[in-house]
Amino acid sequence: IEQSLRFNKPDTAYLSRTPSSAGNQKTWTWSVWVKRGQLTTGQYILSAWQNGSNHFQMGFVNSGGNAADSLRVYAYAGSFVCHYVTTALFRDPSAWYHIVVTADTANATEADRLRIYVNGEQVTDFSTTQHPTQNIDLFVNKNVAHSIGRQGSAALYYDGYIAETSIIDGQALTPNSFGETGDYGEWKPIAYAGTYGTNGF
């Protein structure tokens, strides 16, 4: 589709950007559309990587006791700052999945400090659940390498299509900013009409 890129895992292809200064690490939204090309292997879609002990990542996993093709989202700073692994498995290579991660760590409600949505619906069933503490920074929008298509340590490259990737710095948005329900009940993309903030794109 238009505005998509095809990532071939053996080519170790990825995109990377390091912001020149830090933005809002407590409140942000990361939206991406993916279509998988390879299953049952660990593949990271997005990462904000300072080093092996300090990073944020999102991807499909197949290790560490996690079910193959589950979605994993976590931040790590010497130990897990937050950690989520879905019970849902994402195994349809013909389907586009819209994934939105919304951070709002200032929120007084623990379960609302980081929310994950797939195809417009909030994910609430996890095999691993660890919510972030209030007001903690989560590395996204920090002046560290933000990669699309790999784990930040130059490993676990993504295989498949990625389209319409957006980081919104300073706003905790819902999927309705990026998609809508079509005439046949399908979830489809719309153009984002808002602002991006300091480090957004």
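1. Lys-26 is partly exposed at 28% relative accessibility (buried means under 20% relative accessible area, exposed over 50%, partly exposed in between, with a 1.4 Å probe and protein chains only). The model is predicted: local features need pLDDT of at least 70 and side-chain atom pairs count only at pLDDT 80 or more, while totals for chains, interfaces and linings use all residues. Residues are numbered from 1 along each chain as its sequence is written, and side-chain values use heavy atoms, with hydrogens and water left out.

2. Lys-26 forms a salt bridge with Asp-137, with 2.8 Å between the closest N and O atoms. Lys-26 sits in the loop between strand S2 (15-17) and strand S3 (27-36), and Asp-137 in the loop between strand S11 (126-130) and strand S12 (145-148), so the contact ties together parts 111 residues apart in sequence. Strands (E, at least two residues) are DSSP runs, numbered from the N terminus. Asp-137 is also partly exposed, its relative accessible area being 35%.

3. A salt bridge here is a side-chain nitrogen of Lys or Arg within 4 Å of a carboxyl oxygen of Asp or Glu. The count by this rule is 4 salt bridges.

4. A second case to check is the bridge from Asp-69 to Arg-36, whose closest N and O atoms are 2.8 Å apart. This pair links distant parts of the chain, 33 residues apart: Asp-69 is in the loop between strand S5 (54-61) and strand S6 (70-77), and Arg-36 is in strand S3. Asp-69 is buried at 1% relative accessibility, and Arg-36 is buried at 2%.

5. Asp-69 also forms a salt bridge with Arg-91, where the closest N and O atoms are 3.0 Å apart. Arg-91 lies in the loop between strand S7 (80-89) and strand S8 (97-104), and Asp-69 in the loop between S5 and S6, so this pair ties together parts 22 residues apart in sequence. Arg-91 is partly exposed, at 44% relative accessibility.

6. Strand S3, which holds Arg-36, has 9 of its 10 residues buried, so S3 is largely enclosed by the rest of the structure. Two strands pair if DSSP finds at least two bridges between them. S3 and S8 run antiparallel and are joined by 8 bridges; Thr-27 has Asp-104 in S8 as its bridge partner. S3 also pairs with strand S13 (residues 160-169) in the antiparallel sense, over 8 bridges, and Gly-160 in S13 is the bridge partner of Arg-36.

Definitions and conventions: Helices (H or I, at least four residues) and strands (E, at least two) are DSSP runs, numbered from the N terminus.
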